[in-house]
Amino acid sequence: MSDNLYDTPTSNNKYLVLDDRHEVLNVYKSKCCQCRYYEEDELFCRPFPAGIPDEYLSGDKIHDQIDERQVGDTVFRRVMKDELTAKMHAEFLGDEVSPEELVIWEIYGAVERGTPIKAALERHGISHEEYEAGYERYFNHK
């Protein structure tokens, strides 16, 4: 839980704790990135001003019901934001990940969020066979 890990205005902790929640955030599974209340640079939102709990950032849980730890009664509300493209991700990651691998990740993430695989493949201009081969190569490290 974020109040146990990070310094907050109500904390009695006189030391600041390294905020490494960006390591927990799964941009492909978490609905936080799609929520109108999400503040991406700081990893907080209106219901969780001291920091979004890890289970929501990781995508293990969706904040679609009031949580006893939150402030107010605001829950997940989707907002249409421009999605990061493979090119945008490549700018962040440099040479760490190939553009082809990023496309496979984008398709995987879109399908996990409910986009039909056919639509995701068409959007990126690759065949199902190319996706399956990339999936095996990048997800199963073959």
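## Salt-bridge network

Asp67 and Arg69 meet through their side chains in a salt bridge with an N to O distance of 2.7 Å; the term covers a side-chain nitrogen of Lys or Arg within 4 Å of a carboxyl oxygen of Asp or Glu. The model is predicted, so local features need pLDDT of at least 70 and side-chain atom pairs count only at pLDDT 80 or more, while totals for chains, interfaces and linings use all residues. Residues are numbered from 1 along each chain as its sequence is written, and side-chain values use heavy atoms, with hydrogens and water left out.

Asp67 is buried because its relative accessibility is 9%; buried means under 20% relative accessible area, exposed over 50%, and partly exposed in between, with a 1.4 Å probe and protein chains only. Salt bridges with shared partners join Glu55, Asp67 and Arg69 into one network. The side chains of Glu55 and Arg69 form a salt bridge at 2.4 Å, N to O. This pair links distant parts of the chain, with Glu55 in helix H2 and Arg69 in the loop between H2 and H3, 14 residues apart. Helices (H or I, at least four residues) and strands (E, at least two) are DSSP runs, numbered from the N terminus. Glu55 is partly exposed at 22% relative accessible area, and Arg69 is partly exposed at 25%.

## Lys29 and Asp60

Across the whole structure, a search finds 4 salt bridges. One of them is between the side chains of Lys29 and Asp60, at 3.7 Å from N to O. Lys29 lies in the loop between helix H1 (2–5) and E1, and Asp60 in the loop between H2 and H3, so the pair ties together parts that are 31 residues apart in sequence. Lys29 is partly exposed, with a relative accessible area of 34%, whereas Asp60 is exposed, at 60%.

## Ser58 and Leu25

Ser58 is placed in the loop between helix H2 (54–57) and helix H3 (86–93). Its relative accessibility is 13%, so Ser58 counts as buried. From C-alpha to C-alpha, Ser58 and Leu25 are 4.9 Å apart in space, and they are 33 residues apart in sequence.

## Aromatic pairs

The whole structure contains 5 aromatic pairs according to the search. Trp105 and Tyr108 form an edge-to-face pair, 6.3 Å centre to centre with 85° between the planes. Rings of Phe, Tyr and Trp (its six-membered ring) pair if their centres lie within 6.5 Å; planes under 30 degrees apart count as stacked, over 60 as edge-to-face and the rest as tilted. Trp105 and Tyr108 are 3 residues apart in helix H4 (residues 99–112), so about one helical turn separates them. Trp105 is partly exposed at 27% relative accessible area, and Tyr108 is partly exposed at 22%.

Tyr131 and Tyr135 form a tilted pair, 6.1 Å centre to centre with 45° between the planes. Both lie in helix H6 (residues 128–139), 4 residues apart, about one turn of the helix. Tyr131 is buried at 6% relative accessible area, while Tyr135 is partly exposed at 24%. One aromatic cluster is formed by Tyr28, Trp105, Tyr108, Tyr131 and Tyr135.

## Negative patch

Glu39, Glu40, Asp41 and Glu42 form a negative surface patch. Patches are made of residues with over 30% relative accessible area and no salt bridge; like charges are joined within 9 Å, and nonpolar side chains (Val, Leu, Ile, Met, Phe, Trp, Tyr) within 5 Å. Accessible areas come from the Shrake-Rupley method with a 1.4 Å probe; for residues, only the protein chains shown count as cover. Lys and Arg count as positive and Asp and Glu as negative, while His and the chain ends are not counted. The place of a charge is NZ of Lys, CZ of Arg, CG of Asp or CD of Glu. Glu40 is in the loop between strand E1 (38–39) and strand E2 (44–45), and Glu40 counts as exposed because its relative accessibility is 56%.
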